[in-house]
Amino acid sequence: MSGTQHLGPLIQSFFIDHLVTVKGLRPSSVRSYSDTVRLLLCFVAAQKGTRITKLSLVDLSFEHVLGFLRHLEEDRHNHVSTRNQRLAALHALFEYVASREPAMLGTCQRVAAIPMKRVAPAETHFLERDEMQDLLQHLPRTGRLAQRDHALILFLYNTGARAQEVAELRAGNLQLGEHPLVRLHGKGDKWRTCPLWEQTAKLLKDVLAASGQPGADAPVFRSTNGAALTRFGIYKVVRRLAGHLDDPGTNRTVSPHVFRHTAAMHLLESGVEINVIRGWLGHADLTTTNRYAEINTRTKMEALRATEPPGTSEGPRALPVWKTDESLLNWLSSL
């Protein structure tokens, strides 16, 4: 294969053979890669004054990649985090090109050496316990969608599930018997199991019953036309029900992901060990989970008290809730 042609088949092979077959990426991840490659090809074609169909592999030069990254920030006004996400996709693409086209190795090595830009971590917003309790108490109880919406909000809070995980949730992923739980399909094609509160399980049973005894592949949360709620649909439900809890003072906008942060923070405040929370949320890296501990001042105060020398505090120290519940410990160990 020559470096001056066959760009189309190589790009197609990258997506079909590499991303889907070899890496097993989910459709949403593949779409993200596709957006990046599409934008790159459009940029290069515009720079060369030609059609995309006339581009060759050598047109994907190091200089064009650098220009594309500048274009993202200066012309498209993308945030640095978006630029970094696009660059990660390009790193993967050029790594694949290097394995298929040795003549492009020099260019691919230079692209691989382009560093990510440092960016401050995104703020972590969550709802306080009284805010969460007030929201649950005042959710609409009547109306065609009231039952579904109540179940959705409670499920987000109970599990800390990502919006995409909720959109892909199917009836067969639920076990609503004596010890209710849900299996969630998360990032990296990984599955995890989360326990459900009895009230969450009851609401989910009611939602499933209202849909007419669905099969295992039926979506749990449906739109008005019976199709599975999309990520955007879930976002709209959350905004409609919880948008009044936005806090302009802290730039908090309540979205589905805020319930994920809320679940993590409330687990932490209840004394649940950080490793249990990591498994609960499906974090691959413990450092991701540790940020909740970093922002939780009340937990730091409790930690200070827990390490205080004997005889300097009043009353016995309380063990974390999870350490005093033997049945919970045994159940978690069995997952």
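**Exercise 1. The chain as a whole**

What share of the contacts in the chain with a separation of 6 or more is accounted for by residues 24 or more positions apart? State also the secondary structure and the extent of burial.

*Solution.* The model is a predicted one, in which local features need pLDDT of at least 70 and side-chain atom pairs count only at pLDDT 80 or more, while totals for chains, interfaces and linings use all residues. Residues are numbered from 1 along each chain as its sequence is written, and side-chain values use heavy atoms, with hydrogens and water left out.

Step 1. With contact taken as heavy atoms within 4.5 Å, residues 24 or more positions apart account for 61% of the contacts with a separation of 6 or more.

Step 2. The chain has 16 helices and three strands, where helices (H or I, at least four residues) and strands (E, at least two) are DSSP runs numbered from the N terminus.

Step 3. Of the 335 residues, 42% count as buried, that is, under 20% relative accessible area with a 1.4 Å probe, protein chains only.

**Exercise 2. Helices H3 and H4**

Describe how H3 and H4 pack, and list the residues that make the contact.

*Solution.* Step 1. Helix H3 (residues 62-74) and helix H4 (residues 80-100) pack at about 155°, with axes 9 Å apart; axes are lines fitted to C-alpha atoms, for helices over the stretch in contact, and angles run from 0 to 180 degrees between N-to-C directions.

Step 2. H3 and H4 are therefore roughly antiparallel to each other, a term for angles over 145 degrees.

Step 3. Val65, Phe68, Leu69, Leu72 and Glu73 of H3 meet Val80, Arg83, Arg86, Leu87, Leu90 and Phe94 of H4, and these residues divide into eight nonpolar, no polar and three charged.

**Exercise 3. Leu72**

Is Leu72 buried or exposed, and which residues does Leu72 contact beyond its neighbours within four places in sequence?

*Solution.* Step 1. Leu72, which is found in helix H3, counts as buried because its relative accessibility is 0%.

Step 2. Leaving aside those neighbours, Leu72 is in contact with His77, Asn78, Arg83 and Arg86.

Step 3. The C-alpha atoms of Leu72 and Thr82, ten residues apart along the chain, are separated by 8.5 Å.

**Exercise 4. Helices H11 and H12**

Describe the arrangement of H11 and H12, and name the residues in contact.

*Solution.* Step 1. The axes of helix H11 (residues 256-269) and helix H12 (residues 274-281) come within 10 Å and cross at roughly 155°, and H11 and H12 are therefore roughly antiparallel to each other.

Step 2. The contact involves Arg260, Ala264, Leu267 and Leu268 of H11 together with Ile274, Ile277, Trp280 and Leu281 of H12, with seven nonpolar, no polar and one charged residues by class.

Definitions and conventions. Angles under 35 degrees count as roughly parallel, over 145 as roughly antiparallel, 65 to 115 as roughly perpendicular and the rest as oblique. Ala, Val, Leu, Ile, Met, Phe, Trp, Tyr, Cys and Pro count as nonpolar, Asp, Glu, Lys and Arg as charged, and the others, Gly among them, as polar. Buried means under 20% relative accessible area, exposed over 50%, partly exposed in between (1.4 Å probe, protein chains only).
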